[in-house]
Amino acid sequence: MHIPDGYLSPATCAVLGGVMVPVTAIAVARAKEVAKSRYAPLIATGAAFSFLVQMLNVPVPDGTTAHAVGAVLIAILLGPWAAVIAVTVALIIQAFLFGDGGVLALGANAFNMAFIMPFVGYGIYRLLSYGSSLSSRRRVLAAGIGGYVGITAAALCAAIEFGIQPDLFETADGTPLYAPFHLSQTIPAMLLAHLTVAGFAELALTAGVVAYLQRANLPLLAFKHRGIAETADDSSPPRSAWRWALIGIGVTALLTPLGLLAPGGAFGEDAPAELDLGKYHLGAVPRGLVKYADFWQHTLFADYGFSSGQHETLAYLISAGLGILAAGAAVFAIVVTTRFVSGRAERSPSAETA
Amino acid sequence: MAATAPEWLLASETDLAPCALTGRRRRRGFLEKTIQATARFLQSAIRSEETASEHGLLQRLDARVKLVSLVALLLAAALVRHVSVLLALLLATLALAVSSRLPLRLFLTRAWLYVPLFTGIVVAPAALSFVTPGEVVVSLGHWFGHPVGLTHQGLESAALVVSRVTVSISLVVLVAMTTSWPRLLAALRTLLCPKLLVLVIGMTYRFLFTLLGAVEEMYVAREARPRSSERSVRQGRAFVFASVGALFGKTQALSEDVHQAMVARGYDGDARMLERSRLTLVDVAWIGACILVVMLLLGVDRAAL
């Protein structure tokens with residue numbers, strides 16, 4: 001997956017390098033904050049570990065061997081931000097010392113393998129292992145799937161980077177200047193290779209090492225998993241109620257598109273003139289409805305749509321998203337204000353007694 | 001003092017039959033492959049130290065100057081749109097390799113053999129009219145009434161990518177083989193990288209050798225044990241995972257030891273470096289030459305449009 005120099009245009013390299021500069025800076029700042037003076041040796045050994053993992057051959061059936069990148073494994077063992085630096089440093093050494101992966105393409109390689117891969121893989125791992133004990137089998141499975149999805153996501157990014165080259169950069173007579181394959185060719189080619197072989201090598205390595213550490217060295221695995229019970233027998237930490245509330249809200253939000261299927265509307269929702277009065281056995285539109293129907297017309301998305309009336313579905317979903325955000329912000333503001341007020345009320349008597 | 005590699009480390013693998021007809025090629029297992037990869041890593045690291053201590057043209061240059069000119073030339077190579085211009089640059093890298101007294105065989109195999117071959121295989125399908133539509137030069141028949149074959153645009157694009165990749169890798173190999181790693185690191189620090197990142201890169205490079213030794217010991221020990229028939233792919237994988245897990249344990253222990261040693265020597269979390277060297281007349285001349293070359297390359301390339 002290491003992209004050499006010459007496949008990507010300087011513009012693409014500059015954009016991806018530009019993305020990686022703040023990402024690396026955040027990673028360095030965060031790691032320093034957590035590990036203080038222990039940071040340099042910790043990250044350096046992590047980077048050396050990352051380099052060596054890429055050198056080890058994993059035996060696969062049919063007598064052949066495959067390499068793994070190991071970025072998701074490092075994210076699980078050291079945390080995703082530490083993985084960003086460790087894999088980036090390994091990539092720098094590979095590029096400058098061994099010509100493996102380009103120098104100009106360093107930003108692109110770091111974006112795929114040191115940013116997308118550990119974060120996607122680690123996210124999947126956290127999601128699937130949520131609530132499981134440190135020595136549970138679910139955690140092994142979650143690690144494996146995290147590795148599989150992580151490397152596939154990185155491959156997809158590389159495929160997109162390759163695939164946009166011929167459309168963006170070609171001469172007047174249609175000669176592609178950089179990687180010549182189109183998205184319709186790069187994406188299937190990269191995904192096929194990674195969904196079948198490389199993905200399984202990564203899955204096996206990530207899951208295998210986590211399983212080994214569960215058996216042989218649980219404290220080492222616990223290093224980045226504070227507050228998680230080691231076995232299922234240990235009392236699991238109490239889950240706060242708001243987590244369940246958030247899950248409920250999240251599920252409801254995901255069901256938003258169902259509203260698109262709903263026929264009809266509420267009583268007099270759209271306009272009083274459209275009311276089917278006979279259906280409700282009414283002689284006239286209620287006076288209050290007439291009075292207040294046009295009370296407020298300054299809406300951003302009238303009838304959950306754009307003012308132009310185009311892209312109905314998109315507008316509906318955007319309205320839903322904005323609505324959730326606005327409601328969330330309002331609740332957040334209320335909570336913060338309440339806490340602030342009650343905090344001041346609590347502090348003032350204690351100040352008097354002190 | 002020039003470091004010299006022992007003979008056994010430089011010897012090429014001898015277990016391959018010279019020709020497929022006279023003997024059966026032994027399929028190497030993952031143990032052997034990994035051990036050989038570690039040996040190759042050490043070999044190339046030692047060879048680079050050796051070639052970096054020669055008295056050639058590029059070895060005399062300041063590492064910072066080399067790094068800046070590397071990026072400038074890589075950029076120029078990326079912007080050039082003609083195969084002929086890239087080939088001229090390729091010849092220039094060969095001349096630089098000769099004037100830097102690099103072992104040519106090593107340089108050519110590292111930069112001019114595998115990389116163009118592999119790139120060629122990858123981009124070859126791009127010459128087909130399916131991928132790159134255009135003027136068909138070599139016809140391969142018809143497909144649903146449309147002429148199919150190698151297109152002029154496709155062939156040129158493939159040649160462009162192969163030559164650009166080869167030029168780029170040649171430039172990187174030139175710098176890697178003529179600059180000692182500590183100097184390259186120092187150069188990285190004075191240029192762009194934050195100090196702390198450079199400190200980490202330097203430590204990583206040193207840890208690599210320590211941990212590589214650990215990996216090699218584990219693998220050689222495994223290889224030395226008598227082979228039994230029940231050794232399967234599954235067991236092999238279990239061994240690899242166990243060694244990676246054990247390796248991670250070793251890295252944690254090593255990091256803790258090193259941290260304590262650093263603190264004992266007064267490390268407070270801030271990286272300090274030794275004083276840097278000054279630029280010489282050769283460096284200034286080189287910078288001038290590089291600017292000229294880049295302008296010439298881009299000028300000729302644009303003029304040929």
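Q: Which residues have the most contacts inside the largest nonpolar core?
A: In this predicted model, I43(A) and A86(A) have the most contacts inside the largest nonpolar core, which has 164 residues.

Q: Why is L254(B) called partly exposed?
A: L254(B) has 19 other C-beta atoms within 10 Å. A buried residue needs 20 or more, and an exposed residue has 12 or fewer. The value of 19 lies in between, and therefore L254(B) is partly exposed.

Q: Where in chain B is L254(B) placed?
A: L254(B) belongs to helix α10 of chain B, which covers residues 233-264.

Q: Which residues is L254(B) in contact with, leaving aside its neighbours within four places in sequence?
A: L254(B) is in contact with T45(A) in chain A, and with F207(B) and T210(B) in chain B. As for L211(B), 43 residues separate it from L254(B) in sequence, while the C-alpha to C-alpha distance is 9.2 Å.

Q: How many residues does each chain bring to the contact between chains A and B?
A: Chain A brings 62 residues and chain B brings 72 residues. On the side of chain B that touches chain A, α10(B) gives the most, with 19 residues. By class, that side has 47 nonpolar, 17 polar and eight charged residues.

Methods: Residues are numbered from 1 along each chain as its sequence is written. Chains are lettered from A and ligands numbered from 1 in the order in which they are written. This is a predicted model: local features need pLDDT of at least 70, side-chain atom pairs count only at pLDDT 80 or more; totals for chains, interfaces and linings use all residues. Helices (H or I, at least four residues) and strands (E, at least two) are DSSP runs, numbered from the N terminus. Two residues are in contact if their C-beta atoms, placed from the backbone, lie within 7 Å. Ala, Val, Leu, Ile, Met, Phe, Trp, Tyr, Cys and Pro count as nonpolar, Asp, Glu, Lys and Arg as charged, and the others, Gly among them, as polar. A nonpolar core is a set of buried Ala, Val, Leu, Ile, Met, Phe, Trp, Tyr and Cys residues joined through C-beta atoms within 7 Å.
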